[in-house]
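Please read the following alongside the sequence and the model.

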Amino acid sequence: MAAAAMSRFFNDGQRTITLIESDAIGTVGVGEATIPPIRNFNAMLDISENEFLRATRGTYKLGIEFVNWGKRGDRYFHPFGTYGQDFHGIQFHHLFLREYARGHSPGEIGEFSMSTMAARSGRFARPAAGAKSLVSQIAYAYQFDASLYAAFLRNLAERQQVRRKEGRITDVRRDGETGDIHSVRLEDGSEVEGDLFIDCSGFRGLLIEDALETGYEDWSHWLPMDRAIAVPTASPGPPEPYTRSTAHSAGWQWRIPLQHRTGNGHVFSSNFMEEDEARDTLLANLDGEPLQDPRTLFFNTGMRRKAWNHNVVSLGLSSGFIEPLESTSIHLIQNGIARLFALFPDNPISPLERDEYNRGMRELYEDVRDFIILHYKATQRGDSEFWRYVRDMEVPDSLARKMELWRLHGRVFRENAELFTAPSWIAVMLGQNIWPDAYDAIADTLDEAKIAAAMRQMRDAYRDTAARLPSHEEFLRQSGGWHDAPPPAFTPQAAAR
Ligand SMILES: Cc1cc2nc3c(=O)[nH]c(=O)nc-3n(C[C@H](O)[C@H](O)[C@H](O)COP(=O)(O)OP(=O)(O)OC[C@H]3O[C@@H](n4cnc5c(N)ncnc54)[C@H](O)[C@@H]3O)c2cc1C
């Protein structure tokens, strides 16, 4: 991603970009679900949506269905996009809460979300720009094969004159005076010098940590997940336009439908569950034939103390990791790239600009962290040691404040450039049975009968509009995003990961 994006803007004759990768090491290879800003990243690179979907065997994603989170047996949908329509500047959810409080049974909040209603019926259409139709409220991202996306971007980068070097970096040389990275040496003895190094070396953080010893802030007391067991399965039917997350007794299982297979994985905490049990739980909850042996991935939730240190910008797993519950990692990379472009340095690097980058990345990471913790804290489950731990744990002050503001009068505010906006917070709080004590009294200033009628009309309109959309697979095929050829075989590199 970094090489492809940099080659789009900075391969201008004055600078050269070298991409170093090692097939022997390979990539982590998972990371199949995303959030809507990926569309901006692809657009920045002039990538055609259909070409991208065909190349990555991708599907559309309208949100995430959460199963067993608030209580066992519960099910709710966290959609992309908004809920309903505000009235006279009064937020829709206050009207919804008012209807509930007055016993008018407005239905579920999901019935007022275009993305939810389309997802529930397995349908999809792209939002019609500027149209009055409710279809314009659809917001979407993608589910795809991460290895194929990496290959697609590598080709793009190479077409844009990025020089790719295959080989393992075995040594890093620092400048004796400044402490900056001067060059990296590869196994074959060659050396690559650079002014700016982007460390995309994965969890290890070859430059940012091994060489610069930047330090890591550990968040595992709030997010105790530290392992995932992943296994792809054959598709049981047409792909759904959404990801599913099913909570188990010490973690949760993802299900991500692609064109040619389904991605599955069990994210769990080794403090609360043995690996054998986690594997058995995963295998017992699949709805298709496994295509590979399950493999275990290890991680540690937290972030690098500085994402940019000296002349090294860490991106991806080398800069930190927050479990994939809301599919945010690829976004954190793409946001890091966009932020780096906005603060692209001269030589020498300005410490002020570097600090600004680090400030912004920290804010983004902490906001995402809080939103993920919410899913665990806002539970009524107490059926295992794990659920009792997360239900009763102290959460960061920033999250405690947000939860209390919601509990008092259903208030949610977007702070700074927060990634997850009010509808996301509302989806998870209501979905996990956290109802506020009261709604905003301003909602009482509107005529009761008028609002009740408008709510009914709105609900019918979302339902009827969803029913008229094409099925997800039909849309993919008709619009040119479906790849008819058999799926690519797993490469030896992928198998070795
Ligand atoms: C269980 C799990 C589930 C995930 N699910 C999602 C998801 O649904 N959505 C999402 O957005 N993200 C998800 N992610 C995150 C996503 O997988 C990563 O953000 C993404 O794959 C990027 O990884 P990376 O490039 O930082 O690291 P890696 O994939 O580990 O790549 C590291 C690269 O560095 C190279 N390298 C390393 N050391 C050397 C060396 N010494 N010499 C030369 N080259 C070297 C390797 O060859 C490789 O190319 C998930 C992650 C995990 C662990």
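On a 1 Å grid over the protein atoms alone, a cavity is a set of points where a 1.4 Å probe fits but cannot get out, whereas a pocket is an open set with protein on both sides within 12 Å along at least five of seven lines; a residue counts as lining when it has an atom within 4 Å of a point. Grid points are joined across faces, edges and corners, and a volume is the space filled by probe spheres set on the points. The model is predicted: local features need pLDDT of at least 70 and side-chain atom pairs count only at pLDDT 80 or more, while totals for chains, interfaces and linings use all residues. Residues are numbered from 1 along each chain as its sequence is written, and side-chain values use heavy atoms, with hydrogens and water left out.

How many cavities of 30 Å³ or more are there? The count comes to three. The largest cavity has a volume of about 50 Å³, and its lining consists of K402, L405, R411, V412, F413, E415, W425 and M429. Helices and strands here are DSSP runs, numbered from the N terminus (helices H or I, at least four residues; strands E, at least two). The elements that give two or more residues to the lining of the largest cavity are α12 (397-409) and α13. Residues are also sorted by class: Ala, Val, Leu, Ile, Met, Phe, Trp, Tyr, Cys and Pro count as nonpolar, Asp, Glu, Lys and Arg as charged, and the others, Gly among them, as polar. By this sorting the lining of the largest cavity has five nonpolar, no polar and three charged residues.

The second largest cavity holds about 40 Å³ of space. Among the residues that line it are S314, L315, Y357 and Y365. Its lining has six nonpolar, three polar and no charged residues. Helix α10 gives the most to this lining, with three residues.

Of the 23 residues lining the pocket, P37, E418, L419, F420 and T421 lie nearest its centre. The lining divides into 11 nonpolar, seven polar and five charged residues.

The ligand is surrounded by 27 residues, each near it in the sense that one of its heavy atoms lies within 4 Å. The closest are V28, V30, A33, I169 and I330. Helix α9 (residues 329-342) supplies the largest share of this shell, three residues. By class, the shell has 14 nonpolar, 10 polar and three charged residues.

The protein covers 91% of the 1,000 Å² of accessible area that the ligand has on its own, by the Shrake-Rupley method with a 1.4 Å probe.

The whole structure has 43 salt bridges, each a side-chain nitrogen of Lys or Arg within 4 Å of a carboxyl oxygen of Asp or Glu. One of them joins the side chains of E65 and R244 (2.7 Å, N to O). E65 lies in strand β3 (residues 63-67) and R244 in strand β13 (residues 243-248), so the pair ties together parts that are 179 residues apart in sequence.
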